[in-house]
Amino acid sequence: MTAVKTETVTEGGTGHPLLEVRDLHVTYGSGALAVPAVRGVDLRVDAGQKLGIAGESGCGKSTLALALLRLLPASATLRGEILLDGEDVLTMKWGRLRAVRWAGASIVFQGAMHSLNAVHRIGDQIAEPILLHRPSTPAAARRRAGELLEQVGLPAARAAAYPHELSGGQRQRVMIAMALACDPRLIIADEPTTALDVMIQAQILRLIERLVADQDLGLIMISHDLAVLSDTCDRLSVMYAGRVVEEGPARQVHENARHPYGSALSAAFPRIGDLSSRHAPRGLPGDPPDPAALPSGCTFHPRCPVALDSCATEDQELRHAGQDRRAACVLVEPGAVTASGPHGGAEESRSIS
Ligand SMILES: Nc1ncnc2c1ncn2[C@@H]1O[C@H](COP(=O)(O)OP(=O)(O)OP(=O)(O)O)[C@@H](O)[C@H]1O
Ligand code: SF4
Ligand SMILES: [Mg+2]
């Protein structure tokens with residue numbers, strides 16, 4: 001048997017990537033009612049790196065995010081490995097897991113700005129995890145809450161406000177301050193800007209970018225909007241029906257996807273600053289599949305504009321699709337060279353559009 005040596009980047013002297021997910025499966029329920037929401041996902045995030053996860057509604061993005069910190073309901077079963085700084089979250093004891101949920105990694109939940117407690121001042125809500133997970137006094141925790149508010153662009157005096165006294169954008173800043181409260185090394189942001197108008201959305205995205213850069217954090221940002229992710233993140237993973245079907249450098253995936261689903265998703269969102277993409281055909285016929293009744297073969301084949309007959313029966317693994325890129329499509333030919341990419345340069349591997 002040949003041993004395969006995987007590349008490991010040393011982070012902060014620990015010898016591990018910040019997060020490494022290996023062959024993660026999540027299934028809700030069991031038996032005839034089983035919903036396989038995540039089906040064998042591999043991910044990796046290093047300190048200071050921003051990974052975007054894209055995909056249509058129901059493809060398993062939030063399930064994946066919640067699985068990373070074991071925040072799923074009891075009906076979910078998990079299989080695989082989630083290595084946070086080399087330590088497997090799936091086998092952690094409860095006490096260790098509680099500490100890791102704030103100090104190792106923290107989540108800004110989808111729609112979370114609506115879940116602040118209406119009857120408590122926001123300063124107290126930010127101070128609460130500090131008191132629980134850090135050696136701190138109430139006065140020191142309150143001071144820290146004020147500093148965190150300033151870090152996210154709100155005056156420390158707003159600590160005395162109740163959630164209803166803040167705008168949606170301000171409440172989302174509070175959620176980010178709360179996520180930073182115990183100095184996590186990884187932030188998982190699940191659709192952090194979806195409910196906000198475009199101006200506030202841009203402000204929040206720049207804020208997250210600045211915080212990640214200043215503190216050398218890892219970031220996983222989840223969105224259905226490939227344009228937002230490619231503008232914010234270094235790398236992109238595109239999910240379809242519970243699997244990653246394409247991954248690579250964010251801009252390359254957005255501007256020249258290798259997988260037909262990546263292309264369709266990309267066409268659905270105009271590229272920032274590219275007027276021609278605004279007039280390109282967009283949208284994808286059909287709906288994403290029901291995870292409880294997935295199509296055979298390549299799960300994308302019923303919607304794929306370039307499917308072959310064999311696609312209805314043959315499943316596709318992620319394969320090499322150019323430098324630092326992988327895609328799960330039979331049409332991806334590693335090593336082939338197309339005449340020009342979107343910027344006129346020769347590109348390795350076949351591009352499908
Ligand atoms: N608690 C649950 N019990 C059973 N099925 C669930 C549960 N939560 C999610 N699912 C199913 O798992 C699949 C993935 O859901 P998930 O919320 O992860 O998708 P998503 O990609 O985050 O979608 P969206 O973009 O709409 O937020 C969906 O089919 C969903 O119906
Ligand atoms: S494997 Fe076939 S159906 Fe799947 S994306 Fe590629 S061409 Fe389309
Ligand atoms: Mg979701």
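Which exposed residues does the face of H6 turned away from its buried side carry? In this predicted model, that face of the helix bears Met 199, Arg 206, Ala 213 and Asp 214, each of them exposed. The buried positions of H6, by contrast, are Ile 204, Leu 205, Ile 208 and Val 212. When the helix is viewed down its axis, these buried residues fall within an arc of 100°, and they therefore line one face of H6. Such a pattern can be read against the geometry of the α-helix, which has 3.6 residues a turn, so that residues three or four places apart point the same way.

The dimensions of H6, which comprises residues 198-215, were also examined. Just after the helix, Asp 216 adopts a positive phi of about 55°.

Two ligand surroundings were then considered. Around ligand 1 there are 16 residues, of which Tyr 28, Ser 57, Lys 61, Ser 62 and Thr 63 come nearest. Helix H1 (61-68) and strand E2 (35-45) each supply at least two residues of this shell, and H1 gives the most, with three residues. By class, the shell around ligand 1 is made up of nine polar, six nonpolar and one charged residues. Ligand 2 is surrounded by 14 residues, the closest being Cys 298, His 301, Cys 304, Cys 311 and Cys 329. The shell around ligand 2 contains eleven nonpolar and three polar residues, with no charged residue among them.

The average pLDDT is 85, and 86% of the residues score at least 70. Among the elements of the chain, strand E1 (residues 19-28) has the highest mean pLDDT, at 98, whereas strand E13 (residues 337-338) has the lowest, at 39. Over residues 1-13 the pLDDT is below 50, and this stretch makes ten contacts in the model beyond near neighbours in sequence. Over residues 336-353 the pLDDT is likewise below 50, and here the model shows 37 contacts beyond near neighbours in sequence.

Notes
Residues numbered from 1 in each chain as written. Chains lettered and ligands numbered in written order. Predicted model: local features only at pLDDT ≥ 70, side-chain atom pairs only at ≥ 80, totals over all residues. Near = placed C-beta within 6 Å. Helix = DSSP H or I, 4+ residues; strand = E, 2+ residues; numbered from the N terminus. Nonpolar A, V, L, I, M, F, W, Y, C, P; charged D, E, K, R; others polar. Expected span 1.5 Å × (residues − 1). Buried ≥ 20, exposed ≤ 12 C-beta atoms within 10 Å, placed from the backbone. Arc of directions from axis to C-beta. pLDDT = per-residue confidence, 0-100. Contact = placed C-beta atoms within 7 Å.
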